[in-house]
Amino acid sequence: MITVTKIDAPCGARIEGVDLSAPIGKEDLATIRKAWMDHHVLVFPDQKLENDDLVKFAEYLGPIGDDPFFHPIDGHEKIAAVHRYAHETGRIFADNWHSDWSFMTVPPSGTMLYGKIIPTEGGDTLFSNQHLAWEEMPPEMKERFENLTAVHSAGGAYSRDGAYSEKNFKGAMRFNISDEANKTETHPVIRNHPETGKKGIFGGGYLVDLDGMDHDSAKMRLKELYSWQGREEFIYRHKWEPDMLVLWDNRSVLHCATGGYEGQERLLHRLTIADNPAYY
């Protein structure tokens, strides 16, 4: 029997009593999806999963989404690796607050990470509850942001001059650097969750401008927003274990990687879940 245990944090729940390598019945799947919507981040400990098991579980939740700037792992086109060698000393990948691929026309509903090689310390992932961030925002700040439209772009990360271009980033990660990253997409800064209807702030590090505002003013406004989104009172700090799967809702939370595991290898397998109303 599945148990859902709320984590003592602004978001997150621990899910036990289910084997994700086995078929999942309708009742158990409904329990998992409800917990996902309620808690935004789900932690499944002690799961012995092969790559095909990861794909099968993800497909219960939605179609496998595109990862436009990641190369897949060898032998499996639907899975990417979040990987850092023990000898790496440069920037930690994904060390800023973001919602995965928010620059897409229809951003993904979820992301899954599965712990393959986990350091003995460090490497925590931070999650920030953006429904709570909206609820706690002061009224005068809400007025400044509620009706704004943000411009999203991956250019700062995955363009030929981006942070993860070959000249700026050396390491185990396998990127698909492209001029396509400079394309832009717009989304409301404050929007209703596509599935639950709950209002929240949408998007983090891929926000590059505000539609209809001069760029300098927009930059200052976005800096204020980003600072608010990452406040301590909205954050769950997740500590990884081997064979642990974590599923989060990109429509509800931002996430951010941390370091602190110098001299140790870290490897997680990653899947993106596309947002498709047929699965709601």
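Trainee: Leaving aside neighbours within four places in sequence, which residues is Y158 in contact with?
Mentor: This is a predicted model, so keep in mind that local features need pLDDT of at least 70, side-chain atom pairs count only at pLDDT 80 or more, and totals for chains, interfaces and linings use all residues. Residues are numbered from 1 along each chain as its sequence is written, and side-chain values use heavy atoms, with hydrogens and water left out. Contact means heavy atoms within 4.5 Å. With the sequence neighbours set aside, the partners of Y158 are F69, F70, F93, W101, Y164, F175, I177, S178, A181 and Y206.

Trainee: Which residues touch the most other members of the largest nonpolar core?
Mentor: A nonpolar core is a set of buried Ala, Val, Leu, Ile, Met, Phe, Trp, Tyr and Cys residues joined through side-chain atoms within 4.5 Å, and buried means under 20% relative accessible area, exposed over 50%, partly exposed in between (1.4 Å probe, protein chains only). The largest core here has 36 residues, and the two that touch the most other members are F93 and Y158.

Trainee: And which elements give two or more residues to this core?
Mentor: Helices (H or I, at least four residues) and strands (E, at least two) are DSSP runs, numbered from the N terminus. Going by those runs, the contributors are β3 (41-44), β4, α5 (155-158), β13 (245-249) and β14 (253-257).

Trainee: How many residues are in the second, separate core?
Mentor: Among its members are V18, M37, L61 and L247. The count for this second core is 28 residues.

Trainee: At what angle do α1 and α2 pack?
Mentor: Start with who meets whom: L29, I32, R33 and W36 in α1 meet F57, Y60 and L61 in α2. Axes are lines fitted to C-alpha atoms, for helices over the stretch in contact, and angles run from 0 to 180 degrees between N-to-C directions. Angles under 35 degrees count as roughly parallel, over 145 as roughly antiparallel, 65 to 115 as roughly perpendicular and the rest as oblique, so α1 and α2 are roughly perpendicular to each other. The axes of α1 and α2 (residues 51-61) are 10 Å apart, and the angle is about 75 degrees.

Trainee: Which residue forms a salt bridge with E195?
Mentor: A salt bridge is a side-chain nitrogen of Lys or Arg within 4 Å of a carboxyl oxygen of Asp or Glu, and by this rule the count is 23. For E195, the closest N and O atoms of the pair are 2.8 Å apart, and the partner is R33.

Trainee: Why does that pair tie together parts that are 162 residues apart in sequence?
Mentor: It's about where the two ends sit. E195 is in the loop between β9 (190-192) and β10 (199-201), whereas R33 is in helix α1 (residues 26-39). E195 is buried at 19% relative accessible area, and R33 is buried at 11%.

Trainee: Is R237, the salt-bridge partner of D124, buried or partly exposed?
Mentor: The side chains of D124 and R237 come within 3.0 Å, N to O. D124 is buried at 7% relative accessibility. R237, at 45%, is partly exposed.

Trainee: How many disulfides does a search of the whole structure find?
Mentor: A disulfide is a pair of cysteine sulfur atoms within 2.5 Å. For C11, the nearest cysteine sulfur is that of C256, 13 Å away. The search finds 0 disulfides.
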